[in-house]
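Dear colleague,

Please find below the structure that I am handing over to you. My notes on what was found in it follow directly after.

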Amino acid sequence: MILKARVYNKAFAFKSVKEVLAKANEEKSGDVLAGIAATSASERVAAKLVLSNLTLEDIYNNPVIPYEEDEVTRVIYDNLNINIYNQFKSWTIGELRDYILDHDTDHEALMHLSRGLTSEMIAAVAKLMSNMDLVYASKKMRTQAHCNTTIGIPGTLAFRNQPNHPTDSIPGIMASVKEGLTFGSGDAVIGINPVDDNADTVARILEAVKEFMIKWDIPTQNCVLAHVTTQMKAIELGAPADLVFQSIAGTQKTNEAFGVSEALLDEALALAQRKGTGTGPNLLYFETGQGSELSLDAHHGVDEMTLEARTYGFARKFRPFMLNNVSGFIGPETIYDGREVIRADLEDLFMGKLHGLPMGIAPCYTNHMKADQNDQEIGTMLCAMAGANYFMGVPGGDDVMLSYQDTSYYDDASVREILGLRPLPEFEKWMEKMGLMENGRLTKLAGDPSIFDK
C-alpha cells in the first residue's frame, strides 16, 4: 500500500488511509475546522492520486474507526456480502470509478456490486468523481421501497408535505397540509416536526393527519418526526403511525448523543411491524447530513463525507422507506457556501444510492450560510436530474418552526414540469379524482386549499 505521491515535483506522504480519504475530499468548512483538510490544491490532487491506486482490500483492511471500537463499523462489516467483496477486492478505487461510469454498467450490476462494498469504499470512489460524474452515476440507480405506496418508480418524483407549525397547532398544520396537497406535495409522506417532543403531542398530530387521510382517501404515509422513543410511546398508546422516524449518524458516539443504537432501531422496527399502521415492508424514515459528527465532537478525525457514507452503511441494515439528506441544515461550520452544499448534495445522493437506499435530498440552507435561493434551486435541479426519489415541500420554502430554507410546494410542481416527472401513480390518480391534475399537469385548482372545506 503506497501512501505517497508527487505533484509538480513536490512529494506528499500520508500517514494512513483515513488521512488520504480526508485530504482527497473536495473543500468543506467542517474538514478545515477539524484540521484534517488538504492544505493546498496540490495536496488534494496528491491525495486523490494515492486514493485512486489503493485497492478495495486496502480500504477494507483499514476502516477509519476500528471494528472493536464502534458499532457503526460493526454494522457495516457484519452486513457485507463477503463473496461479492472477494470478487472485486483486487480492484483499485480508480478501476471501481471506471466501472461505475462505464456506459454498459447498469442498475442491476451496481446493486450487485454494492452488497460487497463498505461505506469507506463508496466514499472513496465518490471523491474521484466530478459533479457530472455523480449525476450520471446516480441516474443509473433507482431504488424503490414500499410502505403504503411505492416510492422510486421510474418517471416519478415524490415530495414530503412538511407542514411544521411553531406551536403544534392542529388547525395550522392542517391548513399547510391542504395547501401542499393541492400542489401535489405529500405523496412521499405527510411528515411533521413537532415542537413538543412528548407522546401526547405526537399522538394528537398523527391522529389528525390519519383522520384527514382516511376522510379524503389519500394514498400516502403519515409520520411525526419526534425522537424514536417518543414515537414508540405514542404507538404503544394506540397512535396511528405509518412510518417511524429517527436521525442517525456515522459514528457510535454521535448516535449515542442522538439517543439511538442498533438495538433501539431493531426494537422500533419490530414495533412498527407489530403495531404500526404502515403496510410495509419498509417502515422507517431516516434523516442524515454531513457534519453532525463534527458538531458533536464525535468525528474521530474522519472527514464529514466519509462519515456520511458510514451513516448510509448503518441505515441500509434497516431497509428504510425513505432516507432524507439535509447536509445544508447545520450551518457554515460544516458546509460554508452554495458551492459546498451543492457538491455535498450530489455526493450524498450518489453514496446513498450505491448503498441501495431510497434517497431523497433536501437542498437546504440556513440563513447564516453564504448560500441563497439560486444555489438551492441549482442543487434541486441537479439532484432531480440525478434521480432523487423525493424532495421536501415546505410552505413558502421557509420552515417557520425549524428556521431554515428548503424546497417549497411551488418548487415541487416546477421541478416535475421541467423534467417531465409525475407524482407516484396512486397519488396522481387521487389528484385527478380531486380535479387537481389532468394529463400530468396541475389544474387551476392548484393552490386552493378551500376545496377541502366544501
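In which helix is glutamate 43 found? Glutamate 43 is found in helix 3. Please bear in mind throughout that this is a predicted model.

With a relative accessible area of 9%, glutamate 43 is buried, because buried means under 20% relative accessible area. Apart from its neighbours within four places in sequence, glutamate 43 is in contact with Phe12, Phe14, Lys23 and Ala38. With one of these, lysine 23, the side chain of glutamate 43 forms a salt bridge, at 2.9 Å from N to O. A network of salt bridges links Glu19, Lys23 and Glu43.

**Other salt bridges**

How many salt bridges does the structure hold? The structure holds 20 salt bridges. As background, side chains of opposite charge can pair when their charged atoms come close. Two further pairs are described here.

The side chains of arginine 310 and aspartate 70 meet in a salt bridge of 3.0 Å, N to O. This pair links distant parts of the chain, 240 residues apart: arginine 310 is in helix 17 (residues 304-315), while aspartate 70 is in the loop between helix 4 (56-60) and helix 5 (71-78). Arginine 310 and aspartate 70 are both buried.

Lysine 317 and aspartate 266 are likewise joined through their side chains in a salt bridge, at 2.9 Å from N to O. Since lysine 317 lies in the loop between helix 17 and strand 10 (322-325) and aspartate 266 in helix 15 (residues 262-275), the pair ties together parts that are 51 residues apart in sequence. Lysine 317 counts as partly exposed, at 26% relative accessibility. Aspartate 266 is partly exposed as well, with a relative accessible area of 32%.

Helix 8 spans residues 107-114, and its buried residues are Ala109, Leu110, Met111, Leu113 and Ser114. Against which helices do the buried residues of helix 8 pack? They pack against helix 6 (82-88), helix 7 (93-101), helix 10 (131-140) and helix 18 (338-354).

Asp102, Asp104, Asp106 and Glu108 form a negative surface patch. One of these residues, aspartate 106, lies in the loop between helix 7 and helix 8. Aspartate 106 is partly exposed, with a relative accessible area of 38%.

**The nonpolar patch**

Which helix gives the most to the nonpolar patch? Helix 19 does, with three residues. Methionine 381 is found in helix 19, and its relative accessibility of 37% makes it partly exposed.

**Two further buried residues**

Leucine 283 is located in the loop between helix 15 and strand 9 (284-288). Is leucine 283 buried or exposed? Leucine 283 is buried, with a relative accessible area of 3%. Leaving aside neighbours within four places in sequence, the contacts of leucine 283 are Cys147, Asp242, Leu243, Val244, Leu269, Ala272, Gln273, Gly278 and Phe321. Leucine 283 and serine 408 are 125 residues apart along the chain, and their C-alpha atoms are separated by 25 Å.

Serine 292 has its place in helix 16 (residues 292-295). The relative accessible area of serine 292 is 12%, so this residue is buried. Beyond its neighbours within four places in sequence, serine 292 is in contact with Ala249, Thr254, Phe258 and Ile330. From serine 292 to glycine 116 there are 176 residues in sequence and 27 Å in space, C-alpha to C-alpha.

With kind regards

Notes
Residues are numbered from 1 along each chain as its sequence is written. This is a predicted model: local features need pLDDT of at least 70, side-chain atom pairs count only at pLDDT 80 or more; totals for chains, interfaces and linings use all residues. Side-chain values use heavy atoms; hydrogens and water are left out. Buried means under 20% relative accessible area, exposed over 50%, partly exposed in between (1.4 Å probe, protein chains only). Helices (H or I, at least four residues) and strands (E, at least two) are DSSP runs, numbered from the N terminus. Contact means heavy atoms within 4.5 Å. Patches are made of residues with over 30% relative accessible area and no salt bridge: like charges are joined within 9 Å, nonpolar side chains (Val, Leu, Ile, Met, Phe, Trp, Tyr) within 5 Å. Accessible areas come from the Shrake-Rupley method with a 1.4 Å probe; for residues, only the protein chains shown count as cover. A salt bridge is a side-chain nitrogen of Lys or Arg within 4 Å of a carboxyl oxygen of Asp or Glu. Lys and Arg count as positive and Asp and Glu as negative; His and the chain ends are not counted. The place of a charge is taken as NZ of Lys, CZ of Arg, CG of Asp or CD of Glu.
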